[in-house]
Amino acid sequence: MVREFIEGWDLVQVLGEGTFGEVKLLVSKENGEACAMKEIDLDCHPEAEDSVKKEICVHKLLKHKHVVQCYGSRSEGRRQFIFLEYCSGGELFDRIEPDVGMPEYQAQRFFNQLISGLEYLHKKGVSHRDIKPGNILLVEHSNRSLLKLADFGVSKLLSETGQMETFVGTPYYIAPEVVRVAQRPFEWYTTKADCWSLGVLLYQLLTGERPFQSRPDRSPVTVQI
């Protein structure tokens with residue numbers, strides 16, 4: 001059911017659900033322009049309050065053709081809204097055929113775009129920390145798919161040392177040094193952990209399966225940062 005959410009903008013549908021809320025599609029009545037809106041109810045998820053503030057702070061710093069653009073944010077009581085670029089092509093995950101992957105030329109094109117986006121993040125002093133097919137979106141541009149890094153919910157703006165000590169990410173894609181911080185005191189990791197996740201993703205693009213398995217009782221890690 002279409003309804004007006006903000007003056008001049010209709011709420012059309014729910015695009016998906018995340019750990020702490022929903023992503024919805026807004027369409028302008030004036031020109032038909034589309035926008036994705038991430039909504040978090042902090043009464044239902046009070047533990048997410050600090051993470052959401054940090055996500056907004058980090059994401060607003062980023063402007064790159066291979067990063068989903070953050071247009072801004074607003075709050076109403078305990079509900080927080082983040083307005084994002086709408087990526088009509090869906091998730092990269094849906095382009096990977098199970099046990100097959102995709103043609104090598106296509107995987108190479110996507111991987112080059114990913115490297116470009118990740119290089120930009122690291123130059124800006126940001127570590128994504130949850131690179132996986134579900135956090136990569138696509139838009140159609142000049143009859144070609146343009147890839148966009150998305151979901152900065154567990155991203156990190158680095159300190160001068162570039163060291164991180166929080167165990168965070170999604171099983172299958174987490175680098176060994178990130179796992180070690182949960183097992184040993186005084187361990188740390190750097191943005192190179194994102195490169196490990198990128199390598200896992202490349203394997204998945206080419207084969208349609210992940211190179212590593214995780215225990216079935218392990219769900220994606222979402223912790224305060």
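Student: Which residues lie nearest the centre of the largest cavity?

Tutor: This is a predicted model. In it, 14 residues line the largest cavity. Those nearest its centre are Arg-129, Val-168, Tyr-173, Ile-174 and Ser-197.

Student: Which helix gives the most to that lining, the lining of the largest cavity?

Tutor: The lining has 8 nonpolar, 3 polar and 3 charged residues. With 3 residues, the top contribution comes from residues 192–207, helix H4.

Student: What space lies in the largest cavity?

Tutor: The search covers the whole structure and counts cavities of 30 Å³ or more. It finds 1. The space in the largest cavity is about 90 Å³.

Student: What is the volume of the largest pocket?

Tutor: Its lining comprises 41 residues, with Glu-17, Gly-18, Val-23, Asn-135 and Asp-151 nearest the centre. Strands S2 (9–17) and S3 (21–28) are among the elements that each supply at least two lining residues. The pocket volume is about 1000 Å³.

Student: How many disulfides does a search of the whole structure find?

Tutor: A disulfide needs two cysteine sulfur atoms within 2.5 Å. For Cys-70, the nearest cysteine sulfur belongs to Cys-35, 9.3 Å away, and Cys-70 is in no disulfide. Over the whole structure, the number of disulfides is 0.

Student: Is Cys-70 buried or exposed?

Tutor: Buried means under 20% relative accessible area. Cys-70 has 6%. Cys-195, at 43%, is partly exposed. Cys-70, by contrast, counts as buried.

Terms used
Residues numbered from 1 in each chain as written. Predicted model: local features only at pLDDT ≥ 70, side-chain atom pairs only at ≥ 80, totals over all residues. Heavy atoms only, no water. 1 Å grid on protein atoms, 1.4 Å probe; cavity = no way out; pocket = protein on both sides within 12 Å on 5 of 7 lines; lining within 4 Å. Points joined across faces, edges and corners; volume = space filled by probe spheres on them. Helix = DSSP H or I, 4+ residues; strand = E, 2+ residues; numbered from the N terminus. Nonpolar A, V, L, I, M, F, W, Y, C, P; charged D, E, K, R; others polar. Buried < 20%, exposed > 50% of the residue type's maximum accessible area, 1.4 Å probe, protein only.
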